[in-house]
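Please look at the coordinates alongside these notes. They cover strand pairing and helix packing.

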Amino acid sequence: MFQLTPDQDILFEPSTLPVAPTPISPSAPTRVPRTLPDWLHLCPPIPPPPTQITPFVSAFNASSTIAQYAKLNPQQRAIVMAPPTPTLVLAGAGTGKTHTLINRMAELVLQGLTSDQILLITFTRKAAEDMIHRTRTLLENHGVKIQGGTFHAVGLVLLKIHGHAIGLHPKFSLMDEDDAQSLIHLLASKRGFSTRPGFPKKTQLMSLFSRVANTLEPIADVIATTYPWMEAHTPQLTALYRSYTEAKWQQHRLDYDDLLLLLYKLLCLSESTRTRLGHQYQAILVDEYQDTTRVQAAIVQLLGSYHRNVMVVGDDAQSIFSFRGALVDSLKGFLTCFPDATIYRLEENYRSTQPILTVANDTLREAKGLIPKTLFTAKTDGPQPILVSCNTEMAQAQFLVRSMIARHQEGVPYKDMAVLFRASSHSFEVEGLLNKHQIPYQKYGGLKLTDTAHVKDIVAYLRVADNPRDAGSWHRLLLLLDGVGAKLAQRLVKSMSETEDPISVLEQTTHKERAALHRIAAVLRSTQNDDIHVSDRINLVLHHYAPILSRDYGTEAQQRMDDLRQLGQLSLSSPSLEVFLQDLTLNPDSSRPRNNPREQDLLTLSTIHSAKGLEWAHVYVMQLLDGYFPPIRSWYDDAALEEERRLFYVAITRPKDTLTLTYPVEQYHHMAHETLTQPCRFLRSTPPEHLQLLHIGDGT
């Protein structure tokens, strides 16, 4: 993962909250509002490619130590030894793409690249860390420092280092989704938009703004094509998006999508930065390319334009994130950007048995617009997948739990089993029975630690210490104090925006609640002290917050304090408060308890989206009733229906040994006002002889 050298303390520009100021010391210097750059609301086109291509550091040697001795099949070996030119790898589920990429990175090092000339972009931070670690092990060199992470992590680091070229302040704050929605709601309320009949909610606005950033399209076009029900509010939404963009710039705050959009603009607008990075990175490898958005694909194109040693790996049959702006045609789009790219295929599956792969291949037979491929395996033996019909949803849940208990009694650990479903609500009956039978389980897709209110409170302390211009965090923090209401908080934040030292506003206040304000100011001063380790600073904050926690949560306070102490543990390896906050915001999964999943024997419940990239010995896919999967809303939308087909394909390619598919035979759909009776339509392309059919009436 990238490591940043902590920046020195740099004062931030003011927020723009239109409220009356609290009187402050006349000696405190005032600040001039920050000028907005003329490019802020523009989407620049991709500049033409350079006239000269940077050659590979040396002639690519066709004889390879890695390829000779590594355990690679012929398809994998060809990819590892592919010349340093644009390369598209179509990798089916379970075909060893991670193993192939690791050997490719090791090969690049042996061919003469230094490790810091290689940039690895993955879908998750954990994937990048694992791949880099395994590459070091393969090379028997733990000093190898390949740079890798998610697109957002790459954007964060490059903007920190090079953002000054477009006027970006180096010590910006990174907002999480809740912070961003709160800012949008505040701006909409200030402009009177929130009271308009039918005006979108803040979550819907966040979704709209995110799609604008990821598609690089004008907001009016995005509304017309993706959110037509918002068209009556297009002028207001356009104005609100401008206000949101300007407020973030003034307050030195970025949301997740800014990490991509501003990196794109930096690479387009700053030729010197584009040239420097184009020469710095001599090889770019991108995993899960089928999940890239238009802005992410453009970043890859810009970073790779100087050397063209770009290898992207993906499977269009597993493109399931269109709601994030991902394009199912991203692999074909790569061929448009690099028309001379060579295509390789990985089709030999090492995960599943052939009976499972046969059903998976059946599923894609009628898929539209995908690059053809057929999975096969040397594991030819194995039981046929089972399609189980049950009379009711409860009968389905009873069958699933009984089946898993029976497997466990036969010696199968619960951690080797998973139940997958289209939507989180589909598993409620199963969860109830698991609790009744005291079967331990984990569920992917629930609230993370950083989503909880008490953790957000502590993060507010830390954020204002790190970035005293973070108006949103100041509001949350001040409202925790007894005697401080919304009007006083607004006056204080307004005064903070007009002084070089925002915390001094609390230290100098003469308000009747000055004692509480002075105490929190002292805590924040200590929290800013870089001579104190981050974990000790968090403990100082927890000491101040403890009475507030008891006041707000009563008997639950102790349990929540245990959650908060995890933050101190998580911060032990952080070199600075700034890096800790960035890591916590950008990688919320790192906030989960360390002593969880794999060490314990826990059954997994998961939405299919959350299960992507994972595998288990025994997988159950439930609620496969047509109308629930695929949902009725997708029946009349070809693009949506094809994505549902791909989602089903992802689900049935998770198991190693057994696949069990279940559905209730009759279910009344309240929104559609009809009774659903048929299994998932994607099973129609599977011949009956490829499935074992079973009917369980009452679940016993």
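1. Which residue of β6 is the bridge partner of L119? I284 is that partner. Strand β2 (residues 118-121) and strand β6 (residues 283-286) pair in the parallel sense over four bridges; a pair needs at least two DSSP bridges. Strands (E, at least two residues) and helices (H or I, at least four) are DSSP runs, numbered from the N terminus.

2. The model is predicted: local features need pLDDT of at least 70 and side-chain atom pairs 80 or more, while totals for chains, interfaces and linings use all residues. Numbering starts from 1 along each chain as its sequence is written, and side-chain values use heavy atoms, without hydrogens and water.

3. The open sheet has six strands, ordered β3-β2-β6-β7-β1-β8, with parallel pairing. β3 (147-149) and β8 (342-346) are at the edges with a single partner strand each, so one side of each has no neighbour in the sheet. Twist averages 15° from one strand to the next.

4. Helix α4 (residues 125-139) lies across β2 and β3, at about 150° to β3. Angles run from 0 to 180 degrees between N-to-C directions, with axes fitted to C-alpha atoms, for helices over the stretch in contact.

5. Helix α6 (residues 177-190) packs against helix α9 (residues 234-251) at about 120°, axes 10 Å apart. The contact (heavy atoms within 4.5 Å) involves A180, L183, I184, L187 and A188 of α6, and from α9 L240, S243, Y244, A247, K248 and Q251.
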